[in-house]
Structures are given as structure tokens and as C-alpha cells.
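Subject: Predicted structure for your review

Dear colleague,

Please find below the structure that I am handing over to you. My findings follow it, arranged by topic.

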Amino acid sequence: MAFVFGLGLLFLPVLFRLALRLRLGIPMAYAIVVPTVFRSWYLTNTALADSIFFALVGLMALSWLITLAKKFAAILP
């Protein structure tokens, strides 16, 4: 059990770096902060809070698509 916990703590910084590299820092921060700090608001407005989270993830996916389109446009003459 301690080995699995230690291994999880070892990979935690790697996962955070990967999330930031994939531009998922803001949705990750939202997913951590809103249910903990704003718990009463989150429980009252669950549908709105989840919609905001999915909109943030959707915006990140859109930014990935725009980046890929720019890279393909730079490759093609």
C-alpha cells in the first residue's frame, strides 16, 4: 500500500506538468477549486458548474485544433 502511494506521489508532478503542457491548467484548477472552496454554490448550481467546466475543456480542445491547423498550414505550401 505504501509503495503504491509513493509511486502515485512520484507521478503526480509529471501529471501536473503534462496537464499544463496540454493547456489544461485552468480546467484543472477549476475542477479542484470550485467543489472545495465554493462547495455550497457548486451543490446548488451543479448543472451550471459542470457546464462551465465542460466549456473550459471545449475551449482547450478548440485551441488544440487551431494550433494543429496552423502547423499543417505552415507545412503545406
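I begin with the pairing of helix 2 and helix 4. Helix 2 covers residues 25–37 and helix 4 covers residues 46–75; their axes come within 9 Å and cross at roughly 165 degrees. Helix 2 and helix 4 are therefore roughly antiparallel to each other, given the cut-off above. The crossing in which helix 2 passes helix 4 is left-handed. On the side of helix 2, the contact is made by Ile 26, Pro 27, Tyr 30 and Ala 31. Helix 4 contributes Ala 49, Ile 52, Phe 53, Leu 56, Val 57 and Met 60. Sorted by class, this contact between helix 2 and helix 4 has ten nonpolar residues, no polar residues and no charged residues.

The next topic is the interior. In soluble globular proteins, nonpolar side chains tend to be buried together. In this model, the largest nonpolar core has five residues, namely Tyr 30, Val 34, Tyr 42, Ala 49 and Leu 56. At least two residues of this core come from helix 2, and at least two come from helix 4. Tyr 30, Ala 49 and Leu 56 belong to this core and also take part in the contact of helix 2 with helix 4.

What does Val 34 touch, once its neighbours within four places in sequence are left aside? Val 34 is in contact with Arg 39, Trp 41 and Tyr 42. Pro 35, which is placed in helix 2, is in contact with Tyr 30 and Tyr 42 when its neighbours within four places in sequence are likewise set aside. Pro 35 counts as partly exposed, at 25% relative accessibility. Along the chain, Pro 35 and Leu 76 are 41 residues apart, and their C-alpha atoms are separated by 45 Å.

Three further residues deserve a mention. Arg 23 is found in the loop between helix 1 (2–21) and helix 2. Its phi is near 65 degrees, which is a positive value in a residue other than glycine. With a relative accessibility of 37%, Arg 23 counts as partly exposed.

Ser 40 belongs to helix 3, residues 39–44. Is Ser 40 buried or exposed? Its relative accessible area is 58%, so Ser 40 is exposed. The C-alpha atoms of Ser 40 and Leu 56 are separated by 21 Å, the two residues being 16 residues apart along the chain.

Leu 62, finally, is situated in helix 4. Leu 62 has a relative accessible area of 44% and is therefore partly exposed. Between the C-alpha atoms of Leu 62 and Met 1, which are 61 residues apart along the chain, the separation is 40 Å.

With kind regards

Technical notes: Residues are numbered from 1 along each chain as its sequence is written. This is a predicted model: local features need pLDDT of at least 70, side-chain atom pairs count only at pLDDT 80 or more; totals for chains, interfaces and linings use all residues. Side-chain values use heavy atoms; hydrogens and water are left out. Axes are lines fitted to C-alpha atoms, for helices over the stretch in contact, and angles run from 0 to 180 degrees between N-to-C directions. Helices (H or I, at least four residues) and strands (E, at least two) are DSSP runs, numbered from the N terminus. Angles under 35 degrees count as roughly parallel, over 145 as roughly antiparallel, 65 to 115 as roughly perpendicular and the rest as oblique. A crossing is left-handed if the near helix is turned anticlockwise from the far one by less than a right angle, and right-handed if clockwise. Contact means heavy atoms within 4.5 Å. Ala, Val, Leu, Ile, Met, Phe, Trp, Tyr, Cys and Pro count as nonpolar, Asp, Glu, Lys and Arg as charged, and the others, Gly among them, as polar. A nonpolar core is a set of buried Ala, Val, Leu, Ile, Met, Phe, Trp, Tyr and Cys residues joined through side-chain atoms within 4.5 Å. Buried means under 20% relative accessible area, exposed over 50%, partly exposed in between (1.4 Å probe, protein chains only).
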